[in-house]
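Please keep the sequence and the three-dimensional view at hand while reading.

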Amino acid sequence: MNWLAHVFLSEPDVEFRLGNLLADIIRGEELRRMSAGFQRGVQKHKQIDAFTDSHPLVKRSRARVSVEFRRFSGVLVDVFYDHLLATQWDRYSPIVLDAFTAKFYADIESSKIELPASARVTLDRIIRHDLLGSYRRIEGVERALRRISAYLSSRWNREFALEQGVADLIAHRAGFDADFAEFFPQLQAAAAGRT
């Protein structure tokens, strides 16, 4: 799962939510300096990722990704699933998506939590461009995948174009929808400790 699902599956505490959101960005000594609530959020992030990565329905979704992008099928499916969550939000939450993201952003702005510079830059960009809400549009999915491609390109010194994988989401939409509809309630139960 990607950013939106991690925030949604969090306790309604801003530090916990930030830990769940930023777990891949804040590590090592910087993480050890974060609050207990933030660190619990990081642990929830890891639990969600482990459950997701090993689930047979997610593996079925990953198999829908074309051979060209198969190496990054997990990344693509994570972002696709955030899109599916955003477009079907009312199935999972009584609070409309815009209100959910606006409250989360407001909670961040009013909190006094100190973040490392790299995390603050990421968080400011999420808020400024409503990246959590943008998942409901295909353009938002493409933007997220371009951002991931730029990160991979900077690390591996070669070009990536993961945003082209959106063609797989469009071509196999019914299959991804079916996989997600069966998977997400199971993830919700696992994240809430009901499994």
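How many of the nine residues of helix α2 are buried? Eight of the nine are buried, and helix α2 (residues 14–22) is thus described as mostly covered. The model discussed here is predicted.

**Helix α2**

- The buried residues of α2 are Val14, Phe16, Arg17, Leu18, Gly19, Asn20, Leu21 and Leu22.
- The cover over these buried residues of α2 includes the helices α1, α4, α8 and α9.

**Helix α5**

- Helix α5 spans residues 56–63, and Leu57, Val58 and Ser61 are buried in it.
- When α5 is viewed down its axis, the buried residues fall within an arc of 100°, so they line one face of the helix.
- The exposed residues Pro56 and Ala63 are carried on the face of α5 that is turned away from its buried side.
- Among the elements that cover the buried residues of α5 are α4, α6 and α13 (173–191).

**The largest pocket**

- The largest pocket holds about 920 Å³ of space.
- This pocket is lined by 26 residues, of which Asn2, Trp3, Asp24, Ile148 and Tyr151 are the closest to its centre.
- Two or more lining residues come from each of α1 (3–8), α4 (36–54), α6 (73–87), α9 (117–128) and α11 (138–156).
- Helix α11 provides the largest share of this lining, with seven residues.

- The volume of the second largest pocket is about 160 Å³.
- Its lining is made up of Phe8, Ser10, Pro12, Arg17, Ser93, Ile95, Ala99, Phe100 and Lys103.
- Helix α8 (residues 97–110) contributes the most to this lining, namely three residues.
- Five residues of the lining of the second largest pocket are nonpolar, two are polar and two are charged.
- Arg17, one of the residues that line this pocket, is also one of the buried residues of α2.

**Buried residues and their contacts**

- His45 lies in helix α4. Because its relative accessibility is 4%, His45 counts as buried.
- Apart from residues up to four places away in sequence, His45 touches His6, Asn20, Ala23 and Asp24.
- The side chain of His45 makes a polar contact of 3.3 Å with that of His6 and a polar contact of 3.4 Å with that of Asp24.
- His45 and Ser10 are 35 residues apart in sequence, while their C-alpha atoms are 8.7 Å apart in space.
- Gln88 is placed in the loop between α6 and α7 (89–92). With a relative accessible area of 9%, Gln88 is buried.
- Once neighbours within four places in sequence are set aside, Gln88 is in contact with Asp177 and Phe180. The side chains of Gln88 and Asp177 are joined by a polar contact of 3.2 Å.
- Ser73 is part of helix α6. Because its relative accessibility is 2%, Ser73 counts as buried.
- Ser73 is in contact with Arg62 and Val65, leaving aside its neighbours within four places in sequence.

**Residues with a positive phi**

- Asp130 is not a glycine, yet its phi is positive, at about 45°. Asp130 is located in the loop between α9 and α10 (131–134).
- At 22% relative accessibility, Asp130 counts as partly exposed.
- Asn157 is not a glycine either, and its phi is positive, at about 55°. Asn157 is situated in the loop between α11 and α12 (166–171).
- At 72% relative accessibility, Asn157 counts as exposed.

Definitions and conventions:
Residues numbered from 1 in each chain as written. Predicted model: local features only at pLDDT ≥ 70, side-chain atom pairs only at ≥ 80, totals over all residues. Heavy atoms only, no water. 1 Å grid on protein atoms, 1.4 Å probe; cavity = no way out; pocket = protein on both sides within 12 Å on 5 of 7 lines; lining within 4 Å. Points joined across faces, edges and corners; volume = space filled by probe spheres on them. Helix = DSSP H or I, 4+ residues; strand = E, 2+ residues; numbered from the N terminus. Nonpolar A, V, L, I, M, F, W, Y, C, P; charged D, E, K, R; others polar. Buried < 20%, exposed > 50% of the residue type's maximum accessible area, 1.4 Å probe, protein only. Arc of directions from axis to C-beta. Contact = heavy atoms within 4.5 Å. Polar contact = N/O pair within 3.5 Å; in protein donor to acceptor, adjacent residues only side chain to side chain.
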